[in-house]
Amino acid sequence: MSRTSDYSPYIRYHAGDQRIPIVSLAVFRTRDELRKRELAQALGKVCRENGYFYVEHHGVSEDVLTAAAAAGHEFFDLPLAHKMAINI
């Protein structure tokens, strides 16, 4: 049984895990300001009520995602002293 969205047509739930909302950002790449506001309101509700979510249709290329994951792994593989020396 699939959970229906309590938020909007921009939010759905994975059939295998009904706890984490999946937010589609596709509307942000359109010129429809009303739908963008609706999505922003729904996303705000998700953040307030869940605090976390998955994102789909974000437009970030697979190459960028792969590079970001590699950079994260590279950082966390550093010795603790090196990580602590980085000022963020």
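1. E56 counts as buried because its relative accessibility is 19%. The classes are buried under 20% relative accessible area, exposed over 50%, and partly exposed in between, with a 1.4 Å probe and protein chains only.

2. On provenance: this is a predicted model, in which local features need pLDDT of at least 70 and side-chain atom pairs count only at pLDDT 80 or more, while totals for chains, interfaces and linings use all residues. Residues are numbered from 1 along each chain as its sequence is written, and side-chain values use heavy atoms, with hydrogens and water left out.

3. The sheet is open, with 3 strands in the order 1-2-3 and mixed pairing. Strand 1 and strand 3 are at its edges with a single partner strand each, so one side of each has no neighbour in the sheet. On average, neighbouring strands are turned by 40° against each other, direction ignored. Two strands count as paired if DSSP finds at least two bridges between them. Strand 2 and strand 3 pair in the parallel sense over 3 bridges, and I22 has Y54 of strand 3 as its bridge partner.

4. Helix 1 covers residues 33–49, and its length checks out: 17 residues at 1.5 Å a residue should span 24 Å, and the end C-alpha atoms are 24 Å apart. The expected span is 1.5 Å times one less than the number of residues.

5. Which residues of helix 1 are buried? They are K36, L39, A42, L43 and V46. Seen down the helix axis, these buried residues fall within an arc of 130°, so they line one face of helix 1; the arc is taken from the directions from the axis to the C-beta atoms. L34, Q41, R48 and E49 are exposed on the other side.

6. Strand 1 (11–14) and strand 2 (17–24) are among what covers the buried residues of helix 1. The helix lies across both strands and runs at about 150° to strand 2. Axes are lines fitted to C-alpha atoms, for helices over the stretch in contact, and angles run from 0 to 180 degrees between N-to-C directions.

7. At the start of helix 1, a side-chain oxygen of D32 comes to within 3.2 Å of the backbone nitrogen of L34. After the helix comes G51, with a positive phi near 85°.

Terms used
Helix = DSSP H or I, 4+ residues; strand = E, 2+ residues; numbered from the N terminus. Contact = heavy atoms within 4.5 Å. Polar contact = N/O pair within 3.5 Å; in protein donor to acceptor, adjacent residues only side chain to side chain.
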